Amino acid sequence: MTLLLSAWTIGLILSLLAMGVYISYRVFKFADITADGSITLGAAVAASLLTSGVNPVAASIAAFAAGCIAGMVTGVLHTRFRINQLLSGILVMTALYSINLHVMGSSNVPLLSVTTITTYAQNLGRWMTGHDSATFLGWPVSARDAGSLLLVLAIVTVVALVAWLFFNTSLGSAMRASGDNEQMIRALGVSVENMIVLGLCVSNGLVAFAGALLAQYQGFADVQMGIGMIVWGLASVIIGRALIGTDSVGAALTGTIMGSVLFRLIIAVALRWGLNPNDLKLVTAIFVFGALVLPTAMQKVRRHAAAA
């Protein structure tokens, strides 16, 4: 049960990363590699502030702001300096590695002895159960695990709701239109460049916020924790698209969250069945490859069957 609750909680935390990738990848068709550095930046900023005695909520908000700045830099490199999408993301991601080391002061910062969001979650779990542990369906459940799942679920729900409301405003609609039909939105007098910069700001802000929550849940921030996270985000978005089958904003956000949780559960089951942790990134890449190729292959099979 502990493994299941942990998988759900981490899946929900990383759904914030997936929502950020959804904005850059689905809305703007922007392959933003910055996410690999932004998630570590969020963890680094939050860890540094937490160890200095800053309130966990304020530290998490500061991590979001730091991610916004990273996304803005990527956007400016692409829109103002005309650097290729992929290269602009790689440049910022590479620079963030050194920046994250400077922010943390070392390659790893433990958070077990400081007050974090998880501390609040544990207190919530104790308040609900009255003890440090409880029994659910015959399985022992710690107050920390139960409280963390509920608190993270609440945070993700609020963020998704805010994102849905934002994308239904005039500004949010302009952002979506910039990704769908650049020529039309330019004809209406909207700056596509500004929309891209704003979109990447929000995208990487969410990614960094996910990093801050992940560091607090795991009890440490590490400079290597962001490697390959863009693949996780893409996998969640692709799985969510397959599950929902529609491009409406609300359904897409819901599908992205579902995709992240489902993907984490699949990984947890694979680890439970003996998957070598060293092969985790390889399996993730293979899974994403299959998710990308399978829909096209299925369409070809249907066309051949219909022709026959």
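Arg-144 is partly exposed, with a relative accessible area of 27%. Here, buried means under 20% relative accessible area, exposed means over 50%, and partly exposed lies in between, using a 1.4 Å probe and protein chains only. The model is a predicted one, where local features need pLDDT of at least 70, side-chain atom pairs count only at pLDDT 80 or more, and totals for chains, interfaces and linings use all residues. Residues are numbered from 1 along each chain as its sequence is written, and side-chain values use heavy atoms, leaving out hydrogens and water.

Let us stay with Arg-144 for a moment. Its side chain meets that of Asp-145 in a salt bridge, at 3.8 Å from N to O. A salt bridge is a side-chain nitrogen of Lys or Arg within 4 Å of a carboxyl oxygen of Asp or Glu. Asp-145 is buried, with a relative accessible area of 9%. A search of the whole structure finds 4 salt bridges.

The axes of α6 and α9 come within 12 Å and cross at roughly 170 degrees. Each axis is a line fitted to C-alpha atoms, for helices over the stretch in contact, and angles between N-to-C directions run from 0 to 180 degrees. The two helices are therefore roughly antiparallel to each other. That word follows a simple scale: angles under 35 degrees count as roughly parallel, over 145 as roughly antiparallel, 65 to 115 as roughly perpendicular, and the rest as oblique.

Which residues make the contact between α6 and α9? On the α6 side they are Arg-144, Asp-145, Ser-148, Ile-155 and Val-159, and on the α9 side Leu-206, Phe-209, Leu-213 and Tyr-217. Contact means heavy atoms within 4.5 Å. By class, this contact has 6 nonpolar, 1 polar and 2 charged residues. In that count, Ala, Val, Leu, Ile, Met, Phe, Trp, Tyr, Cys and Pro are nonpolar, Asp, Glu, Lys and Arg are charged, and the others, Gly among them, are polar.

Now look for Phe-209 again, this time from the side of Ala-63. The C-alpha atoms of Ala-63 and Phe-209 are separated by 5.7 Å, although the two residues are 146 residues apart along the chain. Ala-63 sits in helix α3, residues 56–79. With 0% relative accessibility, Ala-63 counts as buried. Leaving aside neighbours within four places in sequence, Ala-63 is in contact with Gly-42, Val-45, Ala-46, Ala-208 and Ala-212.

Next comes the nonpolar core. This term stands for a set of buried Ala, Val, Leu, Ile, Met, Phe, Trp, Tyr and Cys residues joined through side-chain atoms within 4.5 Å. The largest such core has 69 residues, and those with the most contacts inside it are Leu-14, Leu-16, Leu-17, Met-19 and Phe-28. Among the elements giving two or more residues to this core are α1 (2–27), α2 (35–51), α6 (143–167) and α9 (192–218). Apart from it lies another core, of 7 residues, among them Val-45, Leu-77, Val-92 and Leu-96.

What does Leu-17 touch, leaving aside its neighbours within four places in sequence? Leu-17 is in contact with Ala-35, Ile-39, Leu-206, Val-207, Ala-210, Met-229, Trp-232 and Gly-233.

Helix α10 holds Ser-236, which is buried, with a relative accessible area of 0%. Not counting residues up to four places away in sequence, Ser-236 touches Ala-18, Gly-255, Thr-256, Gly-259 and Ser-260.

Glu-193 is buried, with a relative accessible area of 13%. Through shared partners, Glu-182, Arg-186 and Glu-193 are joined into one network.

Finally, visit two loops. Lys-29 lies in the loop between α1 and α2 and has a positive phi of about 55 degrees although it is not a glycine. Arg-82, in the loop between α3 and α4 (85–104), has a positive phi of about 60 degrees and is not a glycine either. Lys-29 is partly exposed, at 47%, while Arg-82 is exposed, at 62%.

Terms used. Helix = DSSP H or I, 4+ residues; strand = E, 2+ residues; numbered from the N terminus.
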